[in-house]
Amino acid sequence: MPKPTYRFCAGPWNFSEGRDPYGPETRAAHSFDWKLSALKKLGFDAMMFHDDDAVPNIDTKSATQVLKEAKELKKRLDGEGIVAEMVAPRLWFAPQTIDGGYTSNRKADRQYAIDRSKQTLDIARVLGTDLIVLWLAREGTYLRESKSGARSTELLVDALDAMLAHDKKARLCIEPKPNEPMDHAYIPTIGHALAIAQLTRDPKRIGCLIESAHSILAGLDPADEIDFAMAFGKLWSLHLNDQNGLKFDQDKPFGSANLRVAFNQIRALERNGYGSRGEYVAFDVHPFRTTREEHYLKHLDNSRKTFLRLVEKARSYPTKQADALIADRNYQDLDQLVIEHLLGR
Ligand code: GLO
Ligand code: MG
């Protein structure tokens, strides 16, 4: 398989201002245009969008106005030479989504989530992408007894079916995460995402997005999730970042917490030819709260640097030596071979 040349992507939310649950912003907010030209300056190829990143204050606007603004955005993107990778309905801000989007206990609120998702598909079409990302943020429970898991599975399938019917060309990409903001999410892993696809009207158009931190939060190795999804031809997008153990979602720069785990993700991408079918490498990373204004872009630039260095490491990995050690069941020295290789010998 020819070695892919990777193309890079980030979202407007990845230029975050440092707010956390315990304190306010530590950096000034920048305009959308600033973020777009920052991506361009960094040499990134694509931007990913929530529906309301593409069209701010989306709930206050008519369907016609929304599409008009999406068309204007498409022109600005074309002007910068930046592609829209995907659009994701943001179903976790609005008052209608307090109890979930598709699995809310209130019918009218579930309808809101479906209508807003259909509109996301319309926006994506205008932006020239067929990829819709579904991070199912509030589809789960704070309290196990508040919802039925069986009913929620049906509701999720109904929502996926409604989207598949709305646009016969769109591809839906589920981004699993096991917790946060929920206590337990209904689609916590890639296995769940691929399994629920089978219950829908068109499983072929449902794939998945792996985020490193989300796999780690599920107690899994992201490299295994990548290999598993790609065995099904289902890894259509990727959010690389890092996570230091089982705590809040940290979205650290790629490789920041565990270089070896990052290396193994690259090996999995390389052996499966990720990127050769046009998939993008997105970094879902945030600046540290301590980051100064003048270092606003470092987390993205550094993530890509680490990514590319690890691609070199994966390509120069001493495969023959490793194979001989594997044949000899000498995993002790295999372990050291990997460490020495990463350390630069
Ligand atoms: C949060 C998610 C989030 C999604 C984004 C796209 O944990 O990673 O950043 O990737 O909203 O749907
Ligand atoms: Mg993500």
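Predicted model: local features only at pLDDT ≥ 70, side-chain atom pairs only at ≥ 80, totals over all residues.
1. A polar atom in the side chain of N14 sits 3.0 Å from the backbone oxygen of V285. Residues are numbered from 1 along each chain as its sequence is written, chains are lettered from A and ligands numbered from 1 in the order in which they are written, and side-chain values use heavy atoms, leaving out hydrogens and water.

2. N14 belongs to the loop between β1 (8–10) and α1 (32–42). Helices (H or I, at least four residues) and strands (E, at least two) are DSSP runs, numbered from the N terminus. N14 has a relative accessible area of 0%, so it is buried. Buried means under 20% relative accessible area, exposed over 50%, and partly exposed in between (1.4 Å probe, protein chains only). Leaving out neighbours within four places in sequence, the contacts of N14 are M48, F283, D284, V285, H286, P287 and H299. Contact means heavy atoms within 4.5 Å.

3. Ligand 1 has 14 residues around it, and the closest are H50, E175, K177, E211 and D284. A residue is near a molecule if one of its heavy atoms lies within 4 Å of it. H214 places a polar side-chain atom 3.1 Å from a ligand 1 oxygen. On its own, ligand 1 has 330 Å² of accessible area, and the protein covers 94% of that. Accessible areas come from the Shrake-Rupley method with a 1.4 Å probe; for residues, only the protein chains shown count as cover.

4. Check the backbone around E180. The E180 to P181 peptide bond is cis, with omega near 10°. E180 also has a positive phi, near 65°, and is not a glycine. Most residues other than glycine have a negative phi, and most peptide bonds are trans. E180 lies in the loop between β6 and β7. E180 counts as partly exposed because its relative accessibility is 30%.

5. R329 is another non-glycine residue with a positive phi, about 50°. R329 sits in the loop between α11 (319–327) and α12 (331–343). Its relative accessibility is 69%, so R329 counts as exposed.

6. The largest nonpolar core holds 83 residues; F49, Y102, F283 and F307 touch the most other members. α4 gives the most to this core, with seven residues. A nonpolar core is a set of buried Ala, Val, Leu, Ile, Met, Phe, Trp, Tyr and Cys residues joined through side-chain atoms within 4.5 Å.

7. Helix α5 (residues 149–166) has 18 residues and spans 26 Å from first C-alpha to last, close to the 26 Å expected at 1.5 Å a residue. That expected span is 1.5 Å times one less than the number of residues. S148 caps its N-terminal end, with a side-chain oxygen 3.2 Å from the backbone nitrogen of A150. Buried residues of α5 include L155, L156 and D161.

How values were computed:
Polar contact = N/O pair within 3.5 Å; in protein donor to acceptor, adjacent residues only side chain to side chain.
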